[in-house]
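Here is a short report on a single protein chain.

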Amino acid sequence: MKPAAAAVALASIFSIFSPARRDAKEGAAAFRDRKFDDSARRFGAAARRDPKDPAWALGLGTALGAAGKRDEARPPLADAARGGDRAIAADALYQQGTLDLGGGDYRSAVDRLRESLLLDPSRPDAKRNYEL
């Protein structure tokens with residue numbers, strides 16, 4: 001194996017078994033079990049270990065929102081929306097929009113859901129909530 005290929009393979013192995021990925025995997029499992037505070041704690045750990053990955057901020061914000069902590073959910077969701085990945089940004093904007101809907105801030109909800117749809121027009125959930 002060439003040195004460059006070996007380096008890529010090794011980097012891939014480390015990224016699969018990274019502590020941040022482990023934390024995020026545990027956070028996703030806790031979310032599925034509806035243990036939202038534990039999920040937020042795990043995703044928060046992943047975000048601190050690997051702050052450049054917007055997926056961890058999305059998981060953290062989503063878990064905080066599900067735990068009823070709307071104000072705490074907003075900063076990580078905003079970070080995820082600015083993270084550079086269109087799919088993650090669309091998800092983060094959708095989550096922000098649903099938080100705004102739940103909080104009665106309909107103008108902001110419409111704006112966030114519209115932005116989500118502009119990034120991913122195929123989202124039926126964002127379309128449905130936007131039409132409300």
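Helices are DSSP runs of H or I with at least four residues, strands are runs of E with at least two, and both are numbered from the N terminus. The model is predicted, so local features need pLDDT of at least 70 and side-chain atom pairs count only at pLDDT 80 or more, while totals for chains, interfaces and linings use all residues. Residues are numbered from 1 along each chain as its sequence is written, and side-chain values use heavy atoms, with hydrogens and water left out.

**Overall fold**

The protein chain has eight helices and zero strands. Read from the N terminus, its elements run α-α-α-α-α-α-α-α. The chain has 132 residues, and 35% of them count as buried (under 20% relative accessible area; exposed is over 50%, partly exposed in between; 1.4 Å probe, protein chains only). A contact means heavy atoms within 4.5 Å. Among contacts in the protein chain with a separation of 6 or more, 40% come from residues 24 or more positions apart.

**Two helix pairs**

Two packed helices are described by the angle between their axes and the distance between the axes. Axes are lines fitted to C-alpha atoms, for helices over the stretch in contact, and angles run from 0 to 180 degrees between N-to-C directions.

| Pair | Residues | Angle | Axis distance |
|---|---|---|---|
| α5 and α6 | 70-81 and 86-103 | about 155° | 8 Å |
| α6 and α7 | 86-103 and 106-119 | about 160° | 8 Å |

Angles under 35 degrees count as roughly parallel, over 145 as roughly antiparallel, 65 to 115 as roughly perpendicular and the rest as oblique. α5 and α6 are therefore roughly antiparallel to each other. α6 and α7 are therefore roughly antiparallel to each other as well. A crossing is left-handed if the near helix is turned anticlockwise from the far one by less than a right angle, and right-handed if clockwise.

α5 passes α6 in a left-handed crossing. On the α5 side, the contact includes Arg 70, Arg 74 and Leu 77. Their partners in α6 include Ile 88, Leu 93, Leu 99 and Asp 100. By class, this contact of α5 with α6 has ten nonpolar, four polar and three charged residues. Here Ala, Val, Leu, Ile, Met, Phe, Trp, Tyr, Cys and Pro count as nonpolar, Asp, Glu, Lys and Arg as charged, and the others, Gly among them, as polar.

α6 also passes α7 in a left-handed crossing. From α6, the contact draws on residues including Arg 86, Leu 93, Tyr 94 and Asp 100. From α7, Tyr 106, Arg 112, Leu 113 and Glu 115 are among them. The contact of α6 with α7 divides into ten nonpolar, four polar and four charged residues.

**Single residues**

Where does Gly 61 lie? Gly 61 is in helix α4 (residues 54-66). Gly 61 counts as buried, because its relative accessibility is 1%. Leaving out residues up to four places away in sequence, Gly 61 touches Ala 73, Pro 76 and Leu 77. Gly 61 and Gly 44 are 17 residues apart in sequence and 9.0 Å apart in space, C-alpha to C-alpha.

Arg 34 sits in the loop between α2 (19-32) and α3 (36-49). Its phi is near 65°, a positive value in a residue other than glycine. Arg 34 counts as exposed, because its relative accessibility is 63%.

Gly 84 is in the loop between α5 and α6. At 71% relative accessibility, Gly 84 counts as exposed.
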